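Colleague: Could you take me through the surroundings of the ligand in this one? I'd like a close look at that part, and then whatever connects to it.

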Amino acid sequence: MADTELAATIKAALAAVEIPGGGDLSGYGGLSEIIVTPSAVAFAIAVAPGMEAAFGPAREQAQLAAQAVAGTRKVMVSLTSGKPPAGPKFSHGSPVPAGKQAVPGIKRIIAVGSGKGGVGKSTTAVNLALAFAAEGLRTGILDADLYGPSIPKLLGLEGRPAIREDGIFTPHSAFGLKAMSIGSMLNPDQAVVWRGPMATSALRQLLRETDWGDLDILVVDLPPGTGDIHISLFQQSEVDGVVIVSTPQELALIDAKKAIDMLRRMGVPLLGLIENMSYFIAPDTGTRYDIFGTGGAENAARSLDMPFLGAVPLVMSIRENSDIGQPPVVSAPNGSEAQAFRAIATKILAGLPALRG
Ligand SMILES: Nc1ncnc2c1ncn2[C@@H]1O[C@H](COP(=O)(O)OP(=O)(O)OP(=O)(O)O)[C@@H](O)[C@H]1O
């Protein structure tokens, strides 16, 4: 069944779920969009404060009704309370929709995603965060790639984050960034097997139970693709925008397009596409080789009607310095790699709406 068809079938099935005060869930204004991904189905029921317990049975019935038609996909139904339901979909300038909560002290959140793994998403996230800090912004980075956390290595973080007496994490400090990663809480060789609810609750804790202080911007390094973590982050938090990293190959771009399509359907603002490992600079001669052709990601961005934010070359020094926890933006701030990341960061900042509150 196509995703849209499945969402419609689930919505129809929710007509059998009665809600407090009369009426059925299918026609209820607080029912969110039903998000269908290859492995999951998620939606939220927004209720007025104090009505959570009354809506509990409806949530359970909704879960069963959706699971009955969702096949092997995992169904996640969350009950959220806050502002009254309904109203326009999230967009800048409009109030925060029901269920989405700003993180106190953090003015802007941008997430870095990719269609497939290994395209340099985490490297980009770290260097963009450092470039924002170099612009004078108080910046944090959150490693939400719980299945393959690489921020500790990229920033050379050592040890576990301190935990205050009230259970709140104190983030690591690295090159002027505040940084949190589940990676610093695991043994180096520990295989991470997160089941969906565990992963989403771990993300919630890392984001909301960390003493970030006052930040102008928090960069979130997402897992590749789209899954539970994305759904949970975008449903629960006000994310100002997502940048997508892709390499120029056709296959990587196809995956990037799929992720972009899914994010659009979640109503997440897309800030633009970055092409990483775009071209190769020979270390001995400095000659540029367009090994994958040119303009692939730029054309893809145009066809997707989203900004192209810039290209980062494939350079040995990026890999070498990243592997030893010395990202180019701080280890060689005047080098061409650092300049490439800084130019992209400037473009992202120019495209962001004014600071919240
Ligand atoms: N522009 C670049 N030039 C050379 N090497 C790069 C470049 N960008 C990333 N790399 C290297 O490619 C590897 C993968 O990068 P990274 O971990 O950032 O990718 P990712 O997309 O976050 O991967 P994952 O799916 O594991 O999260 C790393 O070894 C990194 O140092």
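Predicted model: local features only at pLDDT ≥ 70, side-chain atom pairs only at ≥ 80, totals over all residues.

Modeller: Four elements each put at least two residues into the shell around the ligand: α3 (121–134), β12 (270–281), β14 (308–314) and α9 (316–323). Numbering starts from 1 along each chain as its sequence is written.

The top contributor is α9, which gives four residues to the shell. In all, 21 residues sit around the ligand, and those that come nearest are Gly117, Gly120, Lys121, Ser122 and Thr123. To be counted as near, a residue needs its C-beta atom, placed from the backbone, within 6 Å of the molecule.

Strand β12 holds Met277, and Met277 has a positive phi of about 55° even though it isn't a glycine. Met277 is buried, because it has 24 C-beta neighbours inside 10 Å; the cut-off for buried is 20 or more other C-beta atoms within 10 Å, exposed is 12 or fewer, and partly exposed is in between, with C-beta atoms placed from the backbone.

Helix α3, for its part, packs on α11 (336–351): their axes come within 9 Å and cross at roughly 70°. The axes are lines fitted to C-alpha atoms over the stretch in contact, and angles run from 0 to 180 degrees between N-to-C directions. So α3 is roughly perpendicular to α11, a label for 65 to 115 degrees, with under 35 roughly parallel, over 145 roughly antiparallel and the rest oblique. On the α3 side, the contact uses Asn127, Leu128, Ala131, Phe132 and Ala134, and α11 brings Phe341, Arg342, Ile344 and Ala345. Contact here requires C-beta atoms, placed from the backbone, within 7 Å. Seven of these contact residues are nonpolar, one is polar and one is charged.

Key. Contact = placed C-beta atoms within 7 Å. Nonpolar A, V, L, I, M, F, W, Y, C, P; charged D, E, K, R; others polar.
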